[in-house]
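Please read the numbered points with the sequence and the 3D view at hand.

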Amino acid sequence: MSQQRRVLLESMETLSYMPGFGNDFETESLPGALPQGMNSPQKCNYGLYAEQLSGSPFTAPRAENERSWLYRMRPSVRHATKFDRMDMPYWRSAPTREDAELPIQQLRWDPIPFPAEDTDFLTGMRTITTCGDTDGQAGIASHVYLANRSMDTDYFTNADGEMLILPQEGALEIFTEMGRMHIGPGDLAVVPRGMMFKVALLDGPARGYVCENYGGTLTLPDRGPIGANCLANPRDFKTPVADYEDREGISGRIILKWGGRFHQAAIDHSPLDVVAWHGNYVPYAYDLRTYSPVGAILFDHPDPSIFTVLTAPSETPGTANVDFILFPDRWLVAENTFRPPWYHRNIMSEFMGLIFGVYDAKPEGFKPGGMSLHNCMLPHGPDRDAFEGASNTELKPEKLENTMAFMFETRFPQHVTHYAAHIEQRQDNYADCWEGLERKFDGTPGIK
Ligand code: FE2
């Protein structure tokens, strides 16, 4: 392990978090900063301002109602100038059908290299697909970020959606209004819609994936007959304790994404000035290695939904705005079974990425940092070599190790951006991986 990596891991351990998913938390970084027994006293301790951040309508049912109370040095309205429009040319929002220049097809990309110019988490965001509609609060965007420098005096807030962040290379400090989180490859973090944050690099250039979720907030899926345990367990989700920056006299910017467009306003102090907070509308981090996969223990292959970590529901029961699905280390033990994912066509659209290792259905050509897109009703499945190998191998218990692939699976068809259609990392010949799947049927019975 490198010295840099060791320092990173130590720093990740020194941060404090509160465990649990969907809890009503309370935290203060100075004693007595958090009002007790009420939300909005006539005067707050330390001269703080009280401010509510609502993640659901006030009248949402109790089980879905999300809001937090923030006690801060200045209210959020206190920025120095009005908002101006600004460009963020590679970060696109749905709808982008004018972008959809490619004939419909199965698609795959190699990892996108770091650009020569300076990029941070915002300017390095590269949108690959979009679907749905930001104004309709439905759909997602799938992005890759390529950052080689930290954000310092730029602070970002996204009114269009929450952001699920998956590092693939390099670790991040995500400093939100509610505190700091450190994550690296194999972790995720979610920053809620409308929450201010900035991202610093902890160990060099950083690449990863982002699901920008315009729809209902991500939550844990029901487990049904699986029962009360396994899959993602609530205690493994970590919400930061209150922390703040006390910075005055800076030439900073608030960058706001709203309605698919970017806006900026000057600010002379850090807006990460929340000294105490309570509530259940919160950022969180999660170590994907704590996910407990469940699968077939005698025969056949369940639907990939068995690997759902988080789901953002739509108004139609069982039909997700987006599911975040993980393919982690696991044992394959099914007897007399074709063990990789089967061939299929799916009404949902599947964006996949690979954080590390090898994905069993595509041992060649799908590289860590790369991605694939299997859109609504487009057929896909194992490539020829994976099919022949899995069809002819002797079936013994086998462990898939050091592998972590994932999927953003959405009910909406995904549209490829102009950028993603034209980068040289798009593989022209992806569909060739199914060439050679020849006819074996000759009308006579028997195993072929
Ligand atoms: Fe699929």
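This is a predicted model: local features need pLDDT of at least 70, side-chain atom pairs count only at pLDDT 80 or more; totals for chains, interfaces and linings use all residues.

1. Two strands are said to pair if DSSP finds at least two bridges between them. By that criterion, strand β13 (residues 187-191) and strand β20 (residues 284-287) pair, for four bridges join these antiparallel strands. Within this pairing, A189 has A285 of β20 as its bridge partner.

2. As a general point, the strands of a sheet pair through backbone hydrogen bonds, in either a parallel or an antiparallel manner.

3. Strand β8 (residues 140-147) and strand β15 (residues 206-213) run antiparallel and are joined by eight bridges. One of the residues involved is A141, whose bridge partner in β15 is E212.

4. An open sheet of six strands is also present, in the order β6-β25-β24-β27-β22-β21 and with antiparallel pairing. Its edges are formed by β6 (107-109) and β21 (308-313); each has a single partner strand, so one side of each lacks a neighbour in the sheet. On average, neighbouring strands of this sheet are turned by 15 degrees against each other, with direction ignored. Within the sheet, strand β24 (residues 349-356) pairs with strand β25 (residues 371-374) in the antiparallel sense over four bridges. In this pairing, M352 stands opposite S372 in β25.

5. Which protein atoms are the donors of the iron ion? They are NE2 of H344, two OE atoms of E350 and NE2 of H380, at 2.1 to 2.4 Å from the ion. Along the sequence, the donor residues follow the spacing H-x5-E-x29-H. E350 lies in strand β24 and H380 in the loop between β25 and α2 (384-392), so this pair, 30 residues apart, links distant parts of the chain.

6. The arrangement of the four donor atoms around the iron ion is irregular, because they subtend angles of 59 to 156 degrees. For comparison, a tetrahedral arrangement would need all angles to lie between 85 and 135 degrees. Are E350 and H380 buried or exposed? E350 counts as buried at 4% relative accessibility, and H380 counts as buried at 8%.

7. The whole structure contains 23 aromatic pairs. One of them is formed by F21 and F237: the ring centres are 4.9 Å apart and the planes stand at 75 degrees, so the pair is edge-to-face. F21 is in the loop between β1 (17-19) and β2 (25-28), whereas F237 is in strand β16 (residues 237-240), 216 residues away in the chain. Both residues are buried.

8. F324 and F408 form a tilted aromatic pair, with 6.2 Å from centre to centre and 45 degrees between the planes. F324 lies in strand β22 (residues 320-327) and F408 in strand β27 (residues 404-410), so the pair ties together parts that are 84 residues apart in sequence. F324 counts as buried at 1% relative accessibility, and F408 likewise counts as buried at 1%.

9. Further ring contacts may be inspected. Ring pairs link W91, F121, Y145, F156, F197 and F262 into a cluster. The charged end of R126 sits over the ring of Y90, 4.1 Å from the ring centre. The charged end of R411 sits over the ring of F412, at 5.6 Å from the ring centre.

Notes. Residues are numbered from 1 along each chain as its sequence is written. Side-chain values use heavy atoms; hydrogens and water are left out. Helices (H or I, at least four residues) and strands (E, at least two) are DSSP runs, numbered from the N terminus. Axes are lines fitted to C-alpha atoms, for helices over the stretch in contact, and angles run from 0 to 180 degrees between N-to-C directions. Donors are N, O and S atoms within 2.8 Å of the metal (3.2 Å for Na, K and Ca); water is not among the atoms, so sites may look incomplete. Four donors count as tetrahedral if all angles lie between 85 and 135 degrees; four count as square planar and six as octahedral if opposite donors are over 155 degrees apart and all others between 65 and 115; anything else is irregular. Buried means under 20% relative accessible area, exposed over 50%, partly exposed in between (1.4 Å probe, protein chains only). Rings of Phe, Tyr and Trp (its six-membered ring) pair if their centres lie within 6.5 Å; planes under 30 degrees apart count as stacked, over 60 as edge-to-face and the rest as tilted. A charge sits over a ring if NZ of Lys or CZ of Arg is within 6 Å of the ring centre and within 35 degrees of the ring normal.
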